[in-house]
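Read it with the chain in view.

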Amino acid sequence: MTKLTITRCTTSTSQISPEKGDANIFTTTINPSSFKRKYATKFSGTSTDKGAAIGKAAPVPKFSATEPEEVSFKLTLDGTGVVPDAVDTTVADQIKKLRDIAYAYSGEDHEPDAVQIDWGDELKAFQGRLTSLDIDYTLFDPDGVPLRATMDLKFIEALTEAQVALEANNQSPDLTHIVRVCEGDTLPLLCERIYKDVSKYLEVARFNNLDSFRNLTPDTLLRFPPMR
């Protein structure tokens, strides 16, 4: 049976990548019985908008932003020895490993690490950050050592600024664009697409410190600043 895994990730300016090695991967011994995915959008001008006009009978909602996706589920940890995959590990050890991977503060990045959750097709390569971890201890040995616990975990989608810009794909020339170069793209062609002005290509080349605007390498990320 495929087990749900939570893997520590490294984050660069352009992407989030899962790390390798057992110390970076938490594998559940008992899969969750269910999970939730939450999608939400924010609109201005609604009754819940603090900036909405008072007394307006029928405000016209206008799209404001897409909220980060959320994923939540419960995990059962067992240290009684009845679960084959958990015979050699205690509940305390399982909790510590998960906390080290998803919750502990990283001094290098000045924030907890992002993680990647994998379980089947619906939770394949979901990258997020832990927002809450509630632990309910439900069984103990005579000395008070926990033998079973339930963890309620919530994650919010993790994205780099480059990924957000690529997903938004805003068309306004007043916004900074980040574009991933595709095979056959040229700087004049991209400037025509974004600014409706081919002549901007020299300014974009200087902005990105390009030695040559003629030969663009596929998968390179280029920034297109606001221009008038």
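## Basis

Helices (H or I, at least four residues) and strands (E, at least two) are DSSP runs, numbered from the N terminus. The model is predicted: local features need pLDDT of at least 70, side-chain atom pairs count only at pLDDT 80 or more, and totals for chains, interfaces and linings use all residues. Residue numbers start from 1 along each chain as its sequence is written, and side-chain values use heavy atoms, with hydrogens and water left out.

## Salt bridges

The structure holds 8 salt bridges. The term means a side-chain nitrogen of Lys or Arg within 4 Å of a carboxyl oxygen of Asp or Glu. Side chains of opposite charge can pair when their charged atoms come close.

K42 is partly exposed, because its relative accessibility is 42%. E67 is also partly exposed, at 30%.

R148 and D78 form another salt bridge, at 2.6 Å from N to O. R148 is partly exposed at 29% relative accessibility. D78 has 1%, so D78 counts as buried.

The side chains of E111 and R129 also meet in a salt bridge, at 3.3 Å from N to O. E111 is in strand β9 (residues 111-112) and R129 in strand β11 (residues 123-140), 18 residues apart. E111 is partly exposed at 32%. R129 is partly exposed at 23%.

## Positive patch

K36, K38, K74 and K154 form a positive surface patch. Patch residues have over 30% relative accessible area and no salt bridge; like charges are joined within 9 Å, and nonpolar side chains (Val, Leu, Ile, Met, Phe, Trp, Tyr) within 5 Å. Lys and Arg count as positive, Asp and Glu as negative; His and the chain ends are not counted. K36 lies in strand β4 (residues 35-38). Its relative accessible area is 61%, so K36 is exposed.

R8 lies in strand β1 (residues 5-11). R8 counts as buried because its relative accessibility is 15%. Its side chain reaches the backbone oxygen of D100 at 3.0 Å.

N31 occupies the loop between β3 and β4. N31 is buried, with a relative accessible area of 15%. Its side chain reaches the backbone oxygen of T2 at 2.8 Å. The N31 side chain also makes a polar contact with the side chain of T28, at 3.1 Å. A polar contact is a pair of N or O atoms within 3.5 Å; within protein, one must be able to donate a hydrogen and the other to accept it, and residues adjacent in sequence count only if both atoms are side-chain atoms.

## Exposed loop residues

K20 is in the loop between β2 (16-18) and β3 (25-27). K20 is exposed, at 77% relative accessibility. K20 and R8 are 12 residues apart along the chain, and their C-alpha atoms are separated by 8.4 Å.

N209 is found in the loop between α4 (201-207) and β14 (221-224). N209 is exposed, with a relative accessible area of 67%. N209 and L222 are 13 residues apart in sequence and 10.0 Å apart in space, C-alpha to C-alpha.

Note on methods. Areas by Shrake-Rupley, 256 points an atom, 1.4 Å probe, with all protein chains shown as cover. Charge placed at Lys NZ, Arg CZ, Asp CG, Glu CD. Buried < 20%, exposed > 50% of the residue type's maximum accessible area, 1.4 Å probe, protein only.
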